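Visitor: I have a new model open and would like a guided look. Could you take me through it?

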Amino acid sequence: MPQLGFLHGRAWAALLGQLRRPPGAVCIGAVHSHSQAAEATLASQLKPHKEKSNFIIKTPKGTRDFSPQQMVVREKILDMVISCFKRHGAKRLDTPAFELKEMLTERYGEDSGLIYDLKDQGGELLSLRYDLTVPFARYLAMNKVKKMKRYHVGKVWRRESPTIAQGRYREFCQCDFDIAGHFDPMIPDAECLKIMCEILSGLQLGDFLIKMSWKDVRHEMVAKKGLAPEVADRIGDYVQCHGGVSLVEHMFQDPELCQNKQALEGLGDLKLLFDYLTLFGIAEKVSFDLSLARGLDYYTGVIYEAVLLQTPAQAEEETLNVGSVAAGGRYDGLVGMFDPRGHKVPCVGLSIGVERIFSIVEQRMKTFGQKIRTIETQVFVATPQKNFLRERLKLIAELWDAGIKAELMYKNNPKLLTQLHYCEDMAIPLVVIIGEQELKEGFIKLRSVASREEVAIKRENLVAEVQRRLS
């Protein structure tokens, strides 16, 4: 076993003091220089890997790093999505990144071959989660939850061929919203479509349209309502001709359909849904699409996906083709697959394609040359004098303790010009300057980075003045 170093005598004292320290106190020890020898040993062990000529430093296929600039954009997108979920009363849920393999297999149909399996780790066969829906269904069944409105943001993994240009990766983030429980027809479905519209409108990605799969509507009418296939096909003719809100109106005027009880029941559900969508003010955003097919096997009812509508100008400017940016549907039988007695909990939900949305936003920012601020620092503590580190440390501690985001340069004697240039480069709004004269007279200089104007403020009023300006 490699030796990682010994504790210095003072470090032992510090360690013993840690055991006896009063509540809230922090104890810091020192490490003996023998740790340097351990570092050298570790470096020698790693050296052969560095000398391999074919060794390439890269991320695994289908994955990516995110720079600080990219993370700022991603956080803004996620914040907007999550705030919408919370606005609709959802609770946050999290599940393990991996599940028992038997929980995931045979839930995804042909896509089951895309699941990442893990090596046997202590007797359990495990797999990385493929999506957030199946773990949610497992959670409901395991905890006997019959009613829940939840959202979940987390990474999932799929062993498919990545298409970076379309925002498709093997590791990616999903943002899901789901409503589980027995409720009156179409109310949860309509709210899911409303949430999808709110998020896509809020992100200002451009015009969009939510397409509902006629194939799944037809299947539900035939299998569940007992509608004759030829009557369902008659309805399909209207779907192809009329699309959205006007679809229901035209079908109710058809004598052949009006004489069929099952057809009227199926049309009644569609009319109810579009009535709710009209009340929500989004009916014009929803249309049927004959070409839209069911994705995963666990969907049991209507599915839908949102696509961006490009104007001719956008089509010329943007080469990015990301397909749908959100999708969802009803899956009433999935929870029952996990329940020992087969008790079903009806569910409907949606997933926002944040990776694809991020790809769109990122490209547009590059096109327009938008600059991104990667830090949130509000105040920089600077000095024109040498040997003023202690004063700067005391000053910045006051700001931190007041909840103000502040930083300083990690040098004993930094040049003032260097400090001011940093503030301009990082768009820090305020600079607090302390020197010999300020210390002697009990004042602090407060500088606006944008206007370069400076004012003298009493030391005891600094925090209040900074807070006033930042508000």
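Predicted model: local features only at pLDDT ≥ 70, side-chain atom pairs only at ≥ 80, totals over all residues.

Visitor: How far apart in space are R150 and A90, C-alpha to C-alpha?

Guide: Contact means heavy atoms within 4.5 Å. Leaving aside neighbours within four places in sequence, R150 is in contact with A90, K91, L93, L132, F136, D176, F177 and D178. R150 and A90 are 60 residues apart in sequence, yet their C-alpha to C-alpha distance is 4.6 Å.

Visitor: How many of the 10 residues of α5 are buried?

Guide: The buried residues of α5 are T133, V134, P135, F136, A137, R138, L140 and A141. They pack against β2 (98–100), α4 (101–104), β4, β5 (171–180), α13 (334–338) and β10 (347–352). The helix α5 is largely enclosed by the rest of the structure, because the number of its 10 residues that are buried is eight.

Visitor: Is K144 buried or exposed?

Guide: Just after α5, K144 takes a positive phi of about 55 degrees, although K144 is not a glycine. It is found in the loop between α5 (133–142) and β4 (148–157). With a relative accessible area of 65%, K144 is exposed.

Visitor: And what is the relative accessible area of N387?

Guide: N387 lies in the loop between β11 (379–382) and α15 (389–401). Its phi is near 60 degrees, a positive value in a residue other than glycine. N387 is exposed, and its relative accessible area is 69%.

Visitor: Which residues lie nearest the centre of the second largest pocket?

Guide: On a 1 Å grid over the protein atoms alone, a pocket is an open set of points where a 1.4 Å probe fits, with protein on both sides within 12 Å along at least five of seven lines, and lining residues have an atom within 4 Å of a point. The second largest pocket is lined by 21 residues, and nearest its centre lie P185, M186, E220, D269 and R330.

Visitor: Which elements give two or more residues to the lining of the second largest pocket?

Guide: By class, that lining has nine nonpolar, four polar and eight charged residues; Ala, Val, Leu, Ile, Met, Phe, Trp, Tyr, Cys and Pro count as nonpolar, Asp, Glu, Lys and Arg as charged, and the others, Gly among them, as polar. The elements that give two or more residues to the lining are α6 (187–202), α7 (214–223) and α11 (261–279).

Visitor: What is the mean pLDDT of the protein?

Guide: pLDDT is the predictor's confidence in each residue, from 0 to 100. Over residues 11–16 it stays under 50. Of the protein's residues, 81% reach 70 or more, and the mean pLDDT is 84.

Technical notes
Residues numbered from 1 in each chain as written. Heavy atoms only, no water. Helix = DSSP H or I, 4+ residues; strand = E, 2+ residues; numbered from the N terminus. Buried < 20%, exposed > 50% of the residue type's maximum accessible area, 1.4 Å probe, protein only.
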